[in-house]
Amino acid sequence: MTLPMRSQPFDTRDFRRALGQFATGVCIVTARDQAGHPTGLTVNSFASVSLEPPLVLWSLARSSSVFAAFDAAPHFAVNVLAADQLDLSNRFASPGERFTGLEWEEGHHGLPLLRGCLANFECTVAARHEGGDHIIFIGEVARYDARPGEPLLYSGGRYALATPHDGL
């Protein structure tokens, strides 16, 4: 079955709905701002780029309240959330002081590493690329850690859980 292509003008709301059909993991990217304070936000734009060298990417809207901090930061950490970390995801997706009362560990270059995550990737910014209303950050992974568990997912504008699949 062939689906009809959408015609112009481009409907950004409809486009966003179509993108929501792609399930993603949920991460919190953290860094230190220019004053040395921890900062972070929830993202679902994380992806691997290369194994040699080890590179990952994520993107950030220029309109984000934390844009200036990340644009100036030479390092960032990606914290991959577990299925039981929905509250943490919501905390970092909301405005306000996200680290108040939160227990976290300090990683390489003082990067904030969140506890209980499935994986943490400590990165040095290797490149920044223009991406429309976003900046795409490419990071070279200096250190990482991972543990088994079920991931928190995002699909269709809501959180989701993975269901094991034994294949066809």
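Strand β5 (residues 55-61) and strand β10 (residues 134-146) run antiparallel and are joined by seven bridges. Strands here are DSSP runs of E with at least two residues, and helices are runs of H or I with at least four residues, both numbered from the N terminus; two strands count as paired if DSSP finds at least two bridges between them. Within this pair, Trp-58 stands opposite Phe-137 in β10.

The model is predicted, and local features need pLDDT of at least 70, side-chain atom pairs count only at pLDDT 80 or more, and totals for chains, interfaces and linings use all residues. Residues are numbered from 1 along each chain as its sequence is written, and side-chain values use heavy atoms, with hydrogens and water left out.

The β5 and β10 strands belong to an open sheet of seven strands, in the order β3-β2-β6-β9-β10-β5-β4, with antiparallel pairing. At its edges lie β3 (38-43) and β4 (47-50), each of which pairs on one side only. From one strand to the next, the twist averages 35°. Angles run from 0 to 180 degrees between N-to-C directions, with axes fitted as lines to C-alpha atoms, for helices over the stretch in contact.

Helix α3 (residues 86-93) packs on this sheet and touches β2 (27-32) and β3, where contact means heavy atoms within 4.5 Å. The direction of helix α3 makes about 110° with that of β3.

A further open sheet has three strands in the order β1-β11-β12, again with antiparallel pairing. Its edge strands, β1 (24-25) and β12 (158-161), each pair on one side only. Two bridges link β1 to strand β11 (residues 152-155) in the antiparallel sense, and Gly-25 stands opposite Leu-153 in β11.
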